Amino acid sequence: MASLVLLIGFVILAIITPWITDRADFNAINTGDNPTNHPPDGDYLLGTDRYGRSVALQLMWGARVSLFVGFAATVLTIVIGVLIGLTAGFFGGWIDSVLMRITDWFLVIPFLPTAIVLAAVLERSLWTIVMVIGITSWPSSARLIRSQVLSVRERLYVDRARALGAGRLHIVGRHILPNVTPLILASATLAVPISILTETTLSFLGLGDPTEISWGGMLDQAQQSSAVTSGHWWYYLPPGVAIMLVVLAFTIFGRALEEVLDPRLRKR
Amino acid sequence: MKGRSWGIAIAVAALGALIGTVQVTGSATASGAEAPGSTVTLTVGLQQDLDSPNVTAGYLVSSYELWNLQYATLTDKAADDFATIPGLAEEWTASEDGLTYTYTRRDGLKWSDGEPLTAEDVAWTINTSRDQEWINHSATTANLTATALDDRTVEITTSVPDPKLPIMDVYILPKHIWEGPAAGDITTYEALDGVGSGPFTLQEWKPGQEWTMVANPNYWKGRPAIDQVVFRLYTEGGAMVAALENGEIDAAHDVPADLFVEMQGRDDIVTIAGEQGGFTELAMNGMQGGLGDGHPALLDLNVRHAVAHAINRDELFERVALSIGTQRDTLGVSANTEWNPEIPEDQQLNYDPAAANQLLDDGGYLDTDGDGVREMPGGGQKLIFRYAERSESSQSAGIRELVTGWLAEVGISTEVSVYDDTQLTDVIAAGEYDIFVWGWTPFVDPDPLLSYFTCDQVTTDVESPLYNDANWCSDEYDALYVEQNQELDHARRVDLVHQMITLFHNEATYVVLYHDADTQAYRTDRFEGWLRQPAGVGPVLFSNTSPTYFNLRPIGAGSGGEDDDMSTGMLILLIAGGVVVVGAIGYFIMRSRSRRDEKE
């Protein structure tokens with residue numbers, strides 16, 4: 001429950017940030033008079049970086065990018081995963097074989113190197129990051145959904161619907177999809193933290209969108225300005241803690257959701 | 001339940017950190033402790049490995065340091081001012097027409113392996129490098145012919161008047177070692193032989209870790225006071241600085257700017273911002289090679305001037321470069337400051353957004369649709385410039401944020417792309433950019449850097465990129481270039497070069513943002529005799545001829561003992577700290593356990 005409250009809090013904060021703060025306030029051309037590398041105090045809640053930019057503002061605006069990428073990449077992952085998993089599971093036969101071999105192929109190529117290579121080759125923007133994460137992380141959800149579809153399509157009411165002359169589209173839309181939806185939801189919730197972590201990793205490696213500030217990008221900048229060696233903890237700790245909290249909250253919430261949706265997972 | 005697992009997680013993390021620290025200190029003690037009478041080792045930290053010890057193949061700064069130490073040159077350069085002084089040659093005479101020089105080598109010269117170093121080695125190096133176009137020799141030797149008149153004299157003739165002579169600063173290689181490799185493809189030779197004529201020669205290279213050079217007993221100035229020099233590689237600047245601060249290394253090259261500024265207050269470490277003429281520029285696409293698709297507005301000199309006026313170079317220097325280096329708005333063509341002209345006040349392109357707006361307004365670049373971005377005269381294409389930057393530079397992001405902000409204020413929009421150096425080289429060669437930010441570092445003679453901006457160097461074939469990366473050139477500049485290249489009167493040549501640099505500045509195809517400095521630091525407790533080249537402004541390491549190493553002397557004899565005391569002290573402190581941490585963890589676990597008991 002606490003995790004859900006935390007998540008909603010983060011999302012609301014990310015949504016209202018543009019109304020309560022001004023992006024220009026931490027644009028470097030306007031921060032020339034601010035103190036640099038200033039520890040947290042009343043004026044700067046989380047201190048400032050080497051260009052005098054408020055870390056608190058960066059953290060709030062960074063939440064927008066990190067959460068946006070997290071959600072967008074998850075949507076892409078799930079859409080691809082559902083399409084492939086559903087098609088493979090429902091039609092079976094050679095379609096299943098072909099799709100699953102493709103999935104296997106994507107499953108065995110090492111995730112991070114592929115993501116780094118793709119992010120490096122493509123133009124650096126948020127959408128590239130979203131695409132990279134989507135392309136590299138759909139196979140596991142495809143496999144998961146396929147296995148569920150395989151069991152659902154053998155149920156009696158599916159046979160009955162077929163006997164009554166229902167079309168394939170009708171069966172998939174009315175009988176199979178509703179039965180795998182809980183699984184999709186749960187795996188989507190668990191895909192968000194992975195997407196956020198991947199965005200952070202890529203941004204930390206300098207492969208993110210240079211014009212947008214994200215939590216991973218903040219860590220990268222902290223690294224670039226030697227914040228760790230200099231002991232400027234207020235620069236790298238807040239984004240680190242924020243990432244940890246969001247990822248943890250999503251994971252706990254996802255597990256809880258799984259338990260609710262799948263009674264077999266519930267412990268006594 | 002949650003409380004306890006958290007406690008354990010923290011405990012594990014803290015223990016891990018503790019073990020890590022102890023190990024680091026442990027290795028420091030091992031390398032820092034020296035028995036009396038053992039070898040005297042200078043350890044230099046850096047972040048760039050050798051690309052190749054082979055002087056006909058490598059081109060990275062770290063490799064030049066290796067060759068500077070391993071190979072002596074016919075004429076040397078003074079540490080203070082680059083004045084030409086005797087090297088392997090003790091004297092030389094010029095012919096009447098200035099086309100032929102005769103050098104006489106010192107008596108009794110030997111290679112580090114004991115073989116005699118003769119005029120034949122010199123002649124062979126010069127002629128072979130010319131014929132095979134060795135990358136680090138041919139700029140000097142392309143027009144030269146060398147003949148060994150006897151064992152000690154060599155005659156060098158140039159086919160065109162050459163103002164660089166009698167300077168003969170190419171690395172002389174041992175013919176008896178290199179003759180074999182030169183018969184095939186010389187660039188594939190590994191060059192781990194370690195035979196040279198300089199103060200130190202290569203002993204071992206562990207790629208990615210370190211390379212070691214040992215004193216050459218046959219060096220013509222005598223054996224160095226240091227027995228060996230270890231160049232140790234660090235993947236991260238912060239780790240290198242930590243190693244310097246606790247005495248694992250004696251000097252560090254390329255210290256991150258932020259840490260460099262912080263170290264300036266320490267009394268056991270001297271920081272050196274060494275200048276060699278290197279600079280960072282914002283380049284605009286001049287589009288004269290016919291390649292690519294630069295923004296048409298950049299063909300207008302007034303637009304380029306407006307961009308220059310929109311940029312606050314003073315602020316960039318202070319906030320991005322942290323005032324390390326020099327504020328200078330002209331090309332750095334040499335490590336020697338005499339080649340730098342002063343731009344007359346009325347031609348300076350200083351920060352003046354009002355002037356920038358005026359220039360753009362007058363040129364008809366108006367914002368007719370009110371979106372804050374100007375358009376080409378008469379409407380049409382917007383002034384949106386593609387802005388390319390390097391991912392390898394830690395200053396890129398700061399420069400970009402400020403510059404794009406200032407350009408937006410005068411109605412010029414930007415689209416930022418980040419590239420690694422290889423990608424950016426391709427983008428520049430293809431001319432598919434409007435603005436990029438990069439830099440150059442010159443040699444001592446201004447000729448090479450000046451040559452980059454001639455029409456010959458404009459890339460016309462993407463497959464073979466040339467040096468003129470801004471695709472700008474002019475007949476006037478080219479004429480001046482040819483003139484200075486053959487002007488034997490030094491004062492007149494300096495004047496010609498000043499004219500060229502001023503002309504280039506006024507064309508504003510490059511906006512030189514500032515002159516960078518090599519950030520170096522060394523400990524004061526182990527060695528003395530550090531030399532800056534040139535005096536007062538240059539670096540102590542990785543300079544043009546690297547005179548520091550031979551000049552260094554170890555301080556006293558007890559310095560090793562002090563190191564030991566310090567490490568032991570730190571170890572005790574760490575163990576004490578460890579006990580405290582473990583105790584705290586234990587307490588934490590006990591407490592959370594008892595709390596759990598209460599709950600149950």
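Q: If a polar contact is a pair of N or O atoms within 3.5 Å, where within protein one must be able to donate a hydrogen and the other to accept it, and residues adjacent in sequence count only if both atoms are side-chain atoms, which backbone nitrogen does a side-chain oxygen of Asp420(B) reach at the start of H12(B)?
A: This is a predicted model, in which local features need pLDDT of at least 70 and side-chain atom pairs pLDDT 80 or more, while totals for chains, interfaces and linings use all residues. Residues are numbered from 1 along each chain as written, chains are lettered from A and ligands numbered from 1 in written order, and side-chain values use heavy atoms, without hydrogens and water. At the start of H12(B), the oxygen of Asp420(B) comes to within 3.2 Å of the backbone nitrogen of Thr422(B).

Q: Which residue with a positive phi follows H12(B)?
A: Beyond the helix, the backbone takes a phi near 70° at Gly431(B).

Q: Is Thr75(B) buried or exposed?
A: Thr75(B) belongs to strand E2 (residues 75-77) of chain B, and a polar atom of its side chain lies 2.9 Å from the backbone nitrogen of Met168(B). Leaving aside residues up to four places away in sequence, Thr75(B) touches residues including Trp92(B), Tyr103(B) and Pro166(B) (heavy atoms within 4.5 Å). Because its relative accessible area is 1%, and the cut-offs are under 20% for buried and over 50% for exposed, with partly exposed in between (1.4 Å probe, protein chains only), Thr75(B) is buried.

Q: How far apart are the C-alpha centres of domain 1 and domain 2 of chain B?
A: The domain assignment of chain B gives domain 1 (75-186) and domain 2 (279-516). Seven residues from domain 1 of chain B and 11 residues from domain 2 of chain B take part in the contact. The C-alpha centres of the two domains are separated by 37 Å.

Q: Which residues of domain 1 of chain B lose the most area to domain 2 of chain B?
A: Together the two domains bury about 740 Å² (accessible area, 1.4 Å probe, lost on being put together and summed over both), with 68% of it on carbon and sulfur atoms. On the domain 1 side, 62% of the buried area comes from Phe82(B), Pro163(B) and Lys164(B).

Definitions and conventions: Domains from an automatic or database assignment. Helix = DSSP H or I, 4+ residues; strand = E, 2+ residues; numbered from the N terminus.
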